[in-house]
Amino acid sequence: MVIATSDSCNTLVSLNHNDTNNKHSSGLKTFAFCENGGDPRHGVENEPTYERTHLYLPTDDLYQDEDEDDESWFDADEYWHDGPPNTKSTTPTRVFQAQNLYVPTQTSSRSAIPIDEHLRTIPEVMESADILLANPPRQFNKQSTERVLYVSQGEVAHAVSSQCDVVASDKATTCHILALRSTSKTSPNQPLVSLTHLDSDEYESSIRSMVQQHKAHHSNLTPSLIVQQEENNCGGYQEEKKQDDDSFVSAQDASCFMEMDIHIMGGFNDEDGSSRQISESTMALLVQVAKEESHCMKMTLQTCAITSMNDTGYQCPIGRGLGINIQTGETFLCQVSSDVTGPQSTLRSVRLWSSEDNHSPDTQKTLTTIHTSYSNEMVITPFVFKPFKEIDTLLRLPDEIMIRYTSTSPAVEEDDFCDNVRQTMMFMRSKSYRSIFSGNGTTTMEPLTYRRKIDTTTGRWMNEWVRT
């Protein structure tokens, strides 16, 4: 029996289907790089080579005194907080002494090392991973005072601090959780956060659209123009804007030049390499997007704990959930109770099992947007689902066998995994998508929309949602 859908938490896989490096390894290798981004040892056969990217490593801020006339300190690896280098200001200017991230290159004669193994050799990246993974997960439940926006697997959400306090996702094993947070001079007090739970390497268009949402937000576009820009996937890299000086920003883009922090966590040293496949593709895409958008944004790999970096040393993930505070940008491990995962959590899980009904083999998978920065509603868009042929057989299996068919990482799933799978399957078997999405006796499929409840005592939004 071979059944397929993409999901590290709810995935049907075939039974026909080690490295155990410790994350806390202190033996860090160092590499020397040529100015052109290559490896000075390129004459040595089979040695890896490296290329300079437009992704930056996290650094401390430095300040230049306003009376300082000497501009010799500025070079191509520094970005101005207040716009392009030719912008004069009478106030002290914050400068980022930014260092570019170098990544392995793949050539016909040399094999690139895995991206997670390479990132383990970079002290700044490992420090960010250690900080993230050092503390136990924060618990969010019915008693939590923070307004939580929960993102399930295969979903993406965008939010600002007026809508919620924390955006989070959990239950990731081979999956990766990616969070983007951006600020700009045009909207310094309104950072935008996007978060998604990636279960495969097939979401390139959706990740690109996440970045476009940030560009639109800081350009003060209307919701209709944001949608149009996302559909067109416009605003990308323009070859004529590229110059040798990485700090170049065109006059058109200077006013909305933005800084984007990237946080990514997930995966472990699983036996079939599912985690590493997601790590490789996602990091390669982020490198490409950073190059394409370098004329209007600086993208920093602020937090990274992927695959071997997130492994206990015993083929088990350390972090399974990632949360981000919208206002402060703080990231942390988290675990979210079903009390605050939002409306229709089982229905949202059903979508993961219905991919074959909603996507053709030739169509790239897309993330489902459940929340935007321009609406306070959580939206569940219509989709088709029906019981698959083997559903009754799977439901009759004992947990220890079911999990082998329904997870890409059966040895490390949480205790409630099989209970959640059974609940989802029984929902699929007992419900009709038309009865859920077709209201008032019509045949037209309509989305389900929800708003947060308001505490009548405090006037504050709660973690409970009501149908609109």
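**Stop one: S205**

Select S205, which has 26% relative accessibility and so counts as partly exposed (the band between buried, under 20% relative accessible area, and exposed, over 50%, with a 1.4 Å probe and protein chains only). Before going on: this is a predicted model, where local features need pLDDT of at least 70, side-chain atom pairs count only at pLDDT 80 or more, and totals for chains, interfaces and linings use all residues. Residues are numbered from 1 along each chain as its sequence is written, and side-chain values use heavy atoms, with hydrogens and water left out.

S205 sits in helix 3, residues 204-218 (helices are DSSP runs of H or I with at least four residues, strands are runs of E with at least two, both numbered from the N terminus). Which residues does S205 contact, leaving aside neighbours within four places in sequence? Show Q364, K365 and T366; contact means heavy atoms within 4.5 Å.

**Stop two: D199**

Step back to D199, in the loop between strand 11 (192-198) and helix 3. D199 is buried, at 8% relative accessible area. Display side chains here: the one of D199 makes a polar contact with the side chain of Y203 at 2.8 Å, and another with the side chain of Q153 at 3.3 Å. A polar contact is a pair of N or O atoms within 3.5 Å; within protein, one must be able to donate a hydrogen and the other to accept it, and residues adjacent in sequence count only if both atoms are side-chain atoms.

**Stop three: a helix pair**

Select 399-406 and 417-430, which are helix 10 and helix 11; their axes come within 10 Å and cross at roughly 75 degrees. Axes are lines fitted to C-alpha atoms, for helices over the stretch in contact, with angles from 0 to 180 degrees between N-to-C directions. The two helices are therefore roughly perpendicular (65 to 115 degrees). On helix 10, pick D399, M402, I403 and T406; on helix 11, pick F417, C418, V421, R422 and M425.

Finish with three strands in the order 17-18-19, an open sheet with antiparallel pairing. Strands pair if DSSP finds at least two bridges between them. The edges are strand 17 (378-380) and strand 19 (461-467). Strand 17 is joined to strand 18 (residues 448-454) by 3 bridges; zoom in on M378, opposite Y450 of strand 18. From strand to strand, the twist averages 30 degrees.

Notes: Parallel < 35°, antiparallel > 145°, perpendicular 65-115°, else oblique.
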